[in-house]
Amino acid sequence: MEELKGLAEAAGYTVVGSIEQVRRPDPRYQVGPGKAREIADLVRKLGAEKIIFGNELKPVQAYNLAKLSGVEVIDRFQLILEIFVKRASTKEAKLQIALARLNYELAQAKERVRLAKMGEQPGFLGLGKYQVDIYYEMIRRRIKHIQKELRRVRRTRELHRRHRRRLGFPLVSLAGYTNSGKSTLFNSLTRESVPTSSSVFTTLSTTVRMSSLQGVKVLVTDTVGFIDRLPITLIEAFHSTLEEMVYSDLILLVVDVSEPLEEIRRKAECCLETIRQIGASKLPMVTALNKIDLTSEGELDEKIASLKDVTPNPVPISALYGINIETLKGEMLRQLEGSLETVWMSPLAK
Ligand SMILES: Nc1nc2c(ncn2[C@@H]2O[C@H](COP(=O)(O)OP(=O)(O)OP(=O)(O)O)[C@@H](O)[C@H]2O)c(=O)[nH]1
Ligand SMILES: [Mg+2]
C-alpha cells in the first residue's frame, strides 16, 4: 500500500484515502460488492476524482467500479504507465512505452469488444464484426510500426555498445529497485550529475560514464529501476534497456537498507529475480547496501547478517554522503579481477 502511494504521488496524484480488502477476487468488482459500495461512498465523502487499484483490473471490473462510483478507475499497471509516460525523455523510452501500451490494449481487446457488444462501453457503442476487425488491425499495425522504429534506435545503441567494448574497459551495470539510490551512486562514482529524486522511476533510459576504481578505468551504466510485479508488457518493452546488463562484466546491485527488513528482502529478491530473467545471474555481483546514514550501527549489523542470502558481496555505503565508497570500489575491483583475469589482464595491470 505504501508503495502504491509512492507510485501515485510520482504520477502526480494527491492520495486522499485508502481502503484494503483480503479476499478472493470478485469477477464483478475485483473487491466484494459490499466493499465496492464502501469505496463508492468514500469517494463521495472525500471528493476523490480517481480510484487506483493495487491489483490488476479486468476492463469489465474497471467499468463496473466506474459506474458505481462515478469516477475513473485505473490499476497499478496503468499507474506505472502514466509515470513512465511522464518521465520518458529519450526516443527509445517513448517508443518502448507506446509499445507496452498497445500490447496491453491488444491483450484486453477481446474483453473490450465483448463489453462493447453488450453496449456497455461508451464510445464503443454498436461495434460490429467489421469494426472489431478494424480495431484489432489498427492496434497490430501500430505495434508493427513502433517495433520497426525501435529496431532502428536499437541498432544505434548496439553500435555504441560495440564501440565501448572495443575501448577495452570493463563494463559495470548498476541495478536495483526503483528509488534505491542508483543514480546517486552513479553520480558519486563518475562525478556526473544525472537527475536523482525522492520519487520513483526518475531514471528511464541509460547513461554510460567513465569511472576510476583505484586507478583502473571502468565504464559505469545507470539505468531504469526494478519494481515488484511489473506487468509483463512493460518488462518486454524495457527488456532491451535492461538487457544491456547481460553484456557487462560486473553488476553493482544497489539495495536501500534504511527500510524495514521485510521490505528490503522483498525488493532484493525482486531484483535478483529480474536479473535472473534477463539472463545475467551468472555475472559477478557486488551489492551496495545504501543509505546507511539513515540506520543505526546495531540495526545495520543485524540487517547485514539476515540479508546475506540475497545480497552477494555486500558493502555498506551512503551514496549521498560518500561514505565507504572507496571500500565499495575495492570490492568491485576484486570481483572484476577474480572473474576477468585473463580477458582484462592488460587494462587492469596498468
Ligand atoms: N539518506 C540517503 N538518501 C539517499 C542515499 N542515496 C540516495 N538517496 C536518496 O534516495 C532517493 C532516490 O535516489 P536516486 O539516486 O534517484 O535513486 P534511483 O535508484 O536512481 O531511482 P530511480 O531512477 O527512480 O529508479 C533520492 O532522494 C536520493 O537523494 C543515501 O545514501 N542516503
Ligand atoms: Mg535513477
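Analyst: Strands E4 (residues 207-213) and E5 run antiparallel and are joined by 7 bridges. In this predicted model, the two strands form a hairpin, with 2 residues between E4 and E5. Gln214 lies in that turn and has a positive phi of about 45°. Within the pairing, Arg209 has Val220 of E5 as its bridge partner.

E5 (residues 216-222) also pairs with strand E3 (residues 171-176). Here the strands run parallel, and 3 bridges join them. Val172 has its bridge partner in E5, and that partner is Val220. E5 pairs in antiparallel fashion with E4 and in parallel fashion with E3.

The ligand shell comes next. There are 23 residues around ligand 1, and those that come nearest are Gly181, Ser183, Thr196, Thr203 and Gly225. Helix H7, which spans residues 182-190, gives the most to this shell, with 3 residues. By residue class, the shell divides into 15 polar, 5 nonpolar and 3 charged residues.

Arg28 sits in the loop between helix H1 (2-10) and helix H2 (33-46). Arg28 is partly exposed because 15 other C-beta atoms lie within 10 Å, a count between the limit of 12 or fewer for exposed and that of 20 or more for buried. Leaving aside neighbours within four places in sequence, the contacts of Arg28 are Pro33, Gln61 and Asn64. One of these, Gln61, is 33 residues from Arg28 along the chain, yet the C-alpha atoms of the two are separated by 5.5 Å.

For the protein chain as a whole, the secondary structure comes to 12 helices and 8 strands. Its C-alpha atoms fill a box of roughly 70 × 50 × 30 Å along the principal axes. The protein chain has 350 residues, and buried residues make up 35% of them. Among contacts with a separation of 6 or more, 69% are between residues 24 or more positions apart.

How values were computed:
Residues are numbered from 1 along each chain as its sequence is written. Chains are lettered from A and ligands numbered from 1 in the order in which they are written. This is a predicted model: local features need pLDDT of at least 70, side-chain atom pairs count only at pLDDT 80 or more; totals for chains, interfaces and linings use all residues. Helices (H or I, at least four residues) and strands (E, at least two) are DSSP runs, numbered from the N terminus. Two residues are in contact if their C-beta atoms, placed from the backbone, lie within 7 Å. A residue is near a molecule or strand if its C-beta atom, placed from the backbone, lies within 6 Å of it. Ala, Val, Leu, Ile, Met, Phe, Trp, Tyr, Cys and Pro count as nonpolar, Asp, Glu, Lys and Arg as charged, and the others, Gly among them, as polar. Two strands pair if DSSP finds at least two bridges between them.
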